[in-house]
Amino acid sequence: MTDTKPLVRRSVIMGSGSALPLRIMTNADMSKVVDTSDEWIVERTGIKARHIASDSETTRSLGADAARRALEHAGMTAQDVDLIIVATSTPDQTFPATATLIQADLGITRGAAFDIQAVCSGFVYALAMADAMIKAGQAGCVLVIGSETFSRILDWTDRTTCVLFGDGAGAVVLRGEMVPDSPASRGIQVTRIRSDGRYHDKLYVDGGPSTTKTVGHLRMEGREVFKHAVTNIASIMDEAMTEAGIAPKDVDWFVPHQANRRILEGTARKLGISEDRIVMTLDRHGNTSAASIPLAFDVAIRDGRIKKGNMVLFEAMGGGFTWGAVLARY
Ligand code: ACO
């Protein structure tokens, strides 16, 4: 029987890739830098190690490596791409956008490239933007990259923040395709983004070109962030699933921003999601901000957990506050 549902334009995830700095810094290494312990970090966060970029490994180089791997995985070439969106809060330079640097590295001379800055929610924001551009017919194939070198903006004397973050990059290739209008069809089903700027001073960087004329260091009121994270994340996931007309049991894999094991467990409990359906990489990557979702996604694609046809829910919350969720059938 032929499917009689009308066709709609959807953004289909064609491939994924990731890149990590060579150097691994364990919690034991961290305890030589600040007064901390493996026991404290694992118990409060779930993090055991993170990758730290060398001087020659930058947001640009990591992002370009992840992008090349994503294109190879998709069986596509750089010349197929007509838009590059890079989610980052740690660009190589204040301007131009890191996306344009990566565009040049990939040898692309057509289309457009720009950065999105929504801190840890950056990749979800970038997916939402890419999907909107594809649906509007403004782009056919979009490279969405999350790339960060948070180690450069950490205060390495502040044990309450420096133990939490790591460096890395992940990327996906999205392509516009006409598919039957059904949750069974591949592609992004729902995107939701939110922000509430009243909380801008709960997680921020204390410098910038227009104020201090410096890069600044990351500052955070950890307990405040924690308090809002579980509530905001659970509600946006709920909204995304309701809009798609599905329940948590219909989602095969949850690929959350990897901030903190306790936030992930709290959210899962609230929505009744069993932990064996949550992709967790924070034990080995730490919190890589906008890179954490595509990094985790790529790990689960390559180890065979996430398969074609699976329903995947991405979610994140970060500085701003910003938060969001994207539901996609891979
Ligand atoms: N090692 C050892 N002890 C530490 C460390 C450390 N690295 N950091 C703090 N402590 C100490 C504190 O000094 C304090 O000691 P005191 O009781 O003698 O004063 C004690 O541990 C408890 O400190 P709290 O800050 O109250 O610890 P808390 O249980 O809140 O855990 C944490 C801190 C892990 C940051 C927690 O607040 C949290 O998970 N917050 C969420 C923030 C987050 O994950 N942010 C990531 C970026 S935002 C995002 O991506 C969503």
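D155 has a relative accessibility of 15% and counts as buried, where buried means under 20% relative accessible area, exposed over 50% and partly exposed in between, with a 1.4 Å probe and protein chains only. This residue belongs to a predicted model, in which local features need pLDDT of at least 70, side-chain atom pairs count only at pLDDT 80 or more, and totals for chains, interfaces and linings use all residues. Residues are numbered from 1 along each chain as its sequence is written, and side-chain values use heavy atoms, with hydrogens and water left out.

What does D155 pair with? The side chain of D155 meets that of R219 in a salt bridge, with 2.9 Å from N to O. A salt bridge here is a side-chain nitrogen of Lys or Arg within 4 Å of a carboxyl oxygen of Asp or Glu. Side chains of opposite charge can pair when their charged atoms come close. The closest N and O atoms of R219 and D155 are 2.9 Å apart. R219 lies in strand β10 and D155 in the loop between β6 and α6, so the pair ties together parts that are 64 residues apart in sequence. Salt bridges with shared partners join D155, D206 and R219 into one network. R219 is partly exposed, at a relative accessible area of 23%. Helices and strands are named from DSSP runs (H or I, at least four residues, for helices; E, at least two, for strands) and numbered from the N terminus.

A search of the whole structure finds 18 salt bridges. One of them links D35 to R159, with the closest N and O atoms 3.7 Å apart. D35 sits in the loop between α1 (27–30) and α2 (38–45), whereas R159 is part of helix α6 (residues 159–162), so this pair ties together parts that are 124 residues apart in sequence. D35 is exposed, with a relative accessible area of 60%, while R159 is partly exposed at 46%. Another salt bridge joins the side chains of R60 and D105, at 2.8 Å from N to O. Since R60 lies in helix α3 (residues 59–74) and D105 in helix α4, the pair ties together parts that are 45 residues apart in sequence. Both partners are partly exposed: R60 has 28% relative accessibility and D105 has a relative accessible area of 30%.

The next topic is strand β4. How many of the residues of β4 are buried? Strand β4 spans residues 83–87, and five of its five residues are buried, so the strand is mostly covered. L83, I85 and A87 point one way from β4, while I84 and V86 point the other way, and all are buried. On the strand-pairing side, two strands pair if DSSP finds at least two bridges between them. β4 runs parallel to strand β5 (residues 112–116), and five bridges join the two. Within this pairing, I84 stands opposite A113 in β5. β4 also pairs with strand β6 (residues 141–149), in the parallel sense and over five bridges, and I145 in β6 is the bridge partner of V86.

At the level of the whole chain, the domain assignment gives domain 1 (7–180) and domain 2 (187–329), with bounds that come from an automatic or database domain assignment. Taken over C-alpha atoms, the centres of domain 1 and domain 2 are separated by 14 Å. In domain 1, 55 residues are in contact with 50 residues of domain 2, contact meaning heavy atoms within 4.5 Å. The area buried between the two domains is about 4,000 Å², and carbon and sulfur atoms give 64% of it. C120, V124 and Y125 supply 16% of the area that domain 1 buries against domain 2, more than any other three residues. Buried area is the accessible area (1.4 Å probe) that two parts lose on being put together, summed over both. Across the interface of domain 1 and domain 2, the rule finds one salt bridge.

Finally, V215 is found in the loop between β9 (203–205) and β10 (218–220). Is V215 buried or exposed? V215 is exposed, with a relative accessible area of 60%. Leaving aside residues up to four places away in sequence, V215 touches I153, V205, G207 and G208. V215 and A104 are 111 residues apart in sequence and 25 Å apart in space, C-alpha to C-alpha.
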